[in-house]
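Have the sequence and the 3D view at hand as you read.

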Amino acid sequence: MEAYQELAKITKAIAHPTRLRILEILGQGEACVCHMTHLLGQRQPYISQQLMTLREAGLVRDRKDGVMVYYSLTCDCVGDVIASMHRLLRATGVEVEFAPTPPAPVSGCPCPVCGGEGSCSV
């Protein structure tokens, strides 16, 4: 049963709309908190809270570069799980459109990747 408890822990971590969207964003590659706040239209503390849950579940990792904090998936297979969930949803007869994730630079993001000189950190 221990293996199933570990699976349940991961399932609980992804069972949230914002966390699913964060995982989709990170499926495109490493991103800073600034990117995610602008893409999701949410405040930094809320995004950081969701990232902490994903990090504790072992789904994302962070990397600091000066004052910047960048997040990435711990395994590309996380993206495969999300894609499978999309297919499962369609198989159950639910037809929805998922928002595409725009590549960097993200308009309004102050990080160096997007051309800004601001800082974002957790």
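## Arg55 and its partner

Arg55 has a relative accessible area of 30%, which makes it partly exposed in this predicted model. Its side chain meets that of Asp62 in a salt bridge, with 3.9 Å from N to O. Asp62 counts as partly exposed too, because its relative accessibility is 36%.

In total, the structure holds four salt bridges.

If you turn to helix 1, which covers residues 2-14, you will find Lys9 and Glu6 three residues apart, about one turn of the helix. Their side chains form a salt bridge, at 3.9 Å from N to O.

How accessible are these two residues? Lys9 is partly exposed, at 39% relative accessibility. Glu6 falls in that class as well, with a relative accessible area of 43%.

The side chains of Glu24 and Arg21 meet in a salt bridge of 3.3 Å, N to O.

The setting of the helix is worth a look here. Eight of the 11 residues of helix 2 are buried, so the rest of the structure largely encloses this helix. Besides Arg21 and Glu24, the buried residues of helix 2 are Thr18, Arg19, Ile22, Leu23, Ile25 and Leu26. Just after helix 2 comes Gly29, which takes a positive phi of about 135°.

## How helix 2 meets helix 3

Two packed helices are described by the angle between their axes and the distance between the axes. For helix 2 and helix 3, the latter made of residues 33-40, the axes come within 11 Å and cross at roughly 120°. Helix 2 is therefore oblique to helix 3. On the helix 2 side, the contact is made by Thr18, Arg21, Ile22, Ile25 and Leu26, and these face Met36, Leu39 and Leu40 of helix 3. As for handedness, helix 2 passes helix 3 in a right-handed crossing.

## The cysteines

A disulfide is a covalent bond between the sulfur atoms of two cysteines. The structure holds one disulfide. Which cysteines does it join? The link runs from Cys75 to Cys77, with 2.4 Å from S to S. It is right-handed, with 135° about the S-S bond.

Cys75 counts as partly exposed, because its relative accessibility is 33%. Cys77, at 38% relative accessibility, is also partly exposed.

Two further cysteines deserve a glance. Cys32 is buried, with a relative accessible area of 0%. Cys34 is buried as well, with a relative accessible area of 5%, and both values lie under the 20% cut-off for a buried residue.

Note on methods
Residues numbered from 1 in each chain as written. Predicted model: local features only at pLDDT ≥ 70, side-chain atom pairs only at ≥ 80, totals over all residues. Heavy atoms only, no water. Helix = DSSP H or I, 4+ residues; strand = E, 2+ residues; numbered from the N terminus. Buried < 20%, exposed > 50% of the residue type's maximum accessible area, 1.4 Å probe, protein only. Disulfide = S-S within 2.5 Å. Axes fitted to C-alpha atoms, helices over the stretch in contact; angles between N-to-C directions. Parallel < 35°, antiparallel > 145°, perpendicular 65-115°, else oblique. Left-handed = near helix turned anticlockwise from the far one by under 90°. Contact = heavy atoms within 4.5 Å.
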